[in-house]
Amino acid sequence: MKKRLFKNLGKKPLVGIGPMSINCINSVIELSKKNKLPIMLIPSRRQIDYNAGYVGNLNTKKLSKLINKNKNIILCRDHGGPWQSELENSKKMFLSDAMKSSKKSFEYDIKSNFKILHLDPSIDIHNKLNIDQIIERIKELYEHCWYFAKKNKKDILFEIGTEEQNGLLNSFESFRYAFNEISKFCNFNKIIKPTFFVVQFGTKVMEDKNIGNFNKIENLRDLKRKNKEFLKINDFLIRNKIFTKIHNVDYLSDKHLHFLKKSKVGAINVAPEFGVVETRAFIKTLRDNNLNEILKEFLRLSYNSKKWQKWVINKNKISKFKCSELAGHYIFSSNDFKNLKKEANKYLLKKNIQLNEIMYSAVKNTVSRYLKIFN
């Protein structure tokens, strides 16, 4: 499994696509078939989990069936770990219960043929964690998933990394320490070492832009000069036959994406951009066709979901309309949205306008941009 799917690692980075909607998932299916290209599909537990999720009313099993036997799609769990789901947060679970719940989620992933599990126990709603506590929780999840996979005769690989920009794995020394601790654990227990390590690279997505320091660097010489620490970590991991994973790559320019490619990163993740792109395609179609009452209701539903709050830089400097753009994809699977879309289609189909095709094409074109650059 590893040899076939990852034969070009180090030459061509894999692209991880966050399944922000059914259209996003279907575009990945189409593009992987058409181009015979391996693409990572990377649902977070909030998007699609064994018991819930906001994307297409899918759960882990249903997603696996939807992908079916498309061998070019690599199903990956993104940010798996305790308190990474609404269930564990809403119930304010303590550590033991939150770990049990996250292990159950991983078990469903393994049985549903997920190939890569991102172990990220860096969230704790009750305590502030240090690097040693995180490493111990990684080891516990690692061991559980490995032996569960072996028991069920499943092949899995691992990605190690902490929540974005939490400051725990930003320096070369912290990476070398974490790598050595996990390597000793793997060697002692005769478990495969991780395939990917998530490296913080100054990428950070807020609103509809990348506000990280990496995106603020304009010329190639400065890109190399100001990213020495990353390049040092990247070289260290490559020497140890582990690949770098960069999260939050949304909204970067072609120049910045080409720099990542030339740096021989193993894989990149893109997600929220696709949700915003599809929402804007929906809004534009309604606006262009004077469906103002439907648009007004959509913007109201989206804003009232409050899902935009985590993406806003300054709540006092953003319009309600922009908030609705950021949150739109979160309500795509709701009955209210389906009714609005059905109402819009009654009018648009008379003009031979295919609303869902417009939304689908917007997502597919944006996914294609990343695939073209990296593959």
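The side chain of serine 21 reaches the backbone nitrogen of cysteine 24 at 3.1 Å. This is a predicted model: local features need pLDDT of at least 70, side-chain atom pairs count only at pLDDT 80 or more, and totals for chains, interfaces and linings use all residues. Residues are numbered from 1 along each chain as its sequence is written, and side-chain values use heavy atoms, without hydrogens and water.

**Serine 21**
- Serine 21 sits in the loop between β1 (14–17) and α2 (22–35).
- Beyond neighbours within four places in sequence, serine 21 is in contact (heavy atoms within 4.5 Å) with Val55, Glu278 and Phe332.

**Nonpolar cores**
- A nonpolar core is a set of buried Ala, Val, Leu, Ile, Met, Phe, Trp, Tyr and Cys residues joined through side-chain atoms within 4.5 Å.
- The largest holds 83 residues; Leu119, Tyr142, Leu260 and Ile268 touch the most other members.
- Helix α6 (residues 131–151) gives the most to this core, with eight residues.
- Leaving aside neighbours within four places in sequence, leucine 260 has contacts including Phe201, Phe214, Ile246 and Phe374.
- Another core, of 18 residues, lies apart from it; among them are Phe282 and Leu348.

**Helix pair α13 and α14**
- Helix α13 (residues 292–304) packs against helix α14 (residues 320–327) at about 75°, with axes 8 Å apart.
- So α13 is roughly perpendicular to α14 (65 to 115 degrees).
- Leu299, Ser302 and Tyr303 of α13 meet Lys320, Phe321, Cys323, Ser324 and Ala327 of α14.
- The residues of this contact divide into five nonpolar, two polar and one charged.

Definitions and conventions:
Buried < 20%, exposed > 50% of the residue type's maximum accessible area, 1.4 Å probe, protein only. Helix = DSSP H or I, 4+ residues; strand = E, 2+ residues; numbered from the N terminus. Polar contact = N/O pair within 3.5 Å; in protein donor to acceptor, adjacent residues only side chain to side chain. Axes fitted to C-alpha atoms, helices over the stretch in contact; angles between N-to-C directions. Parallel < 35°, antiparallel > 145°, perpendicular 65-115°, else oblique. Nonpolar A, V, L, I, M, F, W, Y, C, P; charged D, E, K, R; others polar.
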